[in-house]
Amino acid sequence: MVRANGAVSLRELARVVQTSEVTVRRDVRALESEGLLDRRHGGAVLPGGFARESGLPQKSHLATAEKTAIADLAAGLVEEGEAVVVGAGTTTQELARRLARVPGLTVVTNSLLVAQALAHANRVEVVMTGGTLRGSNYALVGSGAEQSLQGLRVTRAFLSGNGLTAERGLSTSNMLSASVDRALVQAAAEVVVLADHTKLGTDTMFQTVPTDCITRLVTDAPPGHDDRAATELQALADQGVEVSVAEPPAAPQPPGGPTTGTAEQSPRARRAPHRDVPLPGQRRNHPGSPPLRSAAVLGDAQGRVADLAPRRR
């Protein structure tokens, strides 16, 4: 799976082989000792330094539940009548499907997949950049894309990437994609990064957004054993990034409905549970823009990722 996809998550491996994450983690450790792969936070990648970029068909099947929860939470940041930019990626594609329900919205994008997700949204205006089509991720790149973004100003940018660290920020494996993403960032008053836990602590070749330019990170809860991912989240929060952590949707109820004494939840109530918590760092809200809310997961994930309060120095 690593050879085919470039990267896999422990959750995905456990699901595919129908065993526990504990067993998968032990096997991944053994494969790493043989030099067949490199372990990363919550997953594994091909050996040999920087992670390479997986193709779109492979990425679309990785961490699907996590991407859904992240998109649900990120969509709540967008209000009626806003103008936003949305970059390329499978997570931003999930976000676009939810933005189709926001009336009066204007979305600027270089992604054909994002535009396709919004094509039939009557109340959403879609503005596409120019540029040259990059077939591996259906994104428009190059000088044409960058020039079409000059002079543009929107409320916020939603971006994804191949890796995210507190030291270097968001990064990607392709130079042309990184250049266009930087142009998208320049057009926005706020930058929201969408990245599942497998990307935390991963560093790739081309920096897209330095940490001090990231307003908010929307991610999922790392596994309980993944102390390094939790440490990375804390480091990002210590540098002023507001961190929102979404829980993937709960598994379907067994036949017969919910257990005794448990009320049936509405579809809205089952979405990415979270609560508002204070987070450290200076807020970088643009004057006049709506305030952002901070969120952390509830339930069994609470305690795995701390409240991300500033550490005492």
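Let me begin with a right-handed β-α-β unit, made by strand β5, helix α7 (residues 112–118) and strand β6. Right-handed here means that, with the strands pointing away from the viewer, the path from the first strand over the helix to the second runs clockwise. Helices (H or I, at least four residues) and strands (E, at least two) are DSSP runs, numbered from the N terminus.

This is a predicted model, in which local features need pLDDT of at least 70 and side-chain atom pairs count only at pLDDT 80 or more, while totals for chains, interfaces and linings use all residues. Residues are numbered from 1 along each chain as its sequence is written, and side-chain values use heavy atoms, with hydrogens and water left out.

Within the unit, β5 (residues 105–109) pairs with β6 (residues 124–128) in the parallel sense over five bridges; pairing requires at least two DSSP bridges between two strands. T109 has M128 of β6 as its bridge partner.

Both strands belong to an open sheet of seven strands with parallel pairing, in the order β6-β5-β4-β9-β12-β14-β15. Its edge strands, β6 and β15 (242–246), each pair on one side only. Further in, β4 (residues 83–86) and β9 (residues 154–159) run parallel and are joined by three bridges, and V85 is partnered by A157 in β9.

Turning to the whole protein chain, its secondary structure comprises ten helices and 15 strands. Of its 313 residues, 51% are buried, that is, under 20% relative accessible area with a 1.4 Å probe, protein chains only.

Finally, just after helix α3, G35 adopts a positive phi of about 80 degrees.

How values were computed. Buried means under 20% relative accessible area, exposed over 50%, partly exposed in between (1.4 Å probe, protein chains only).
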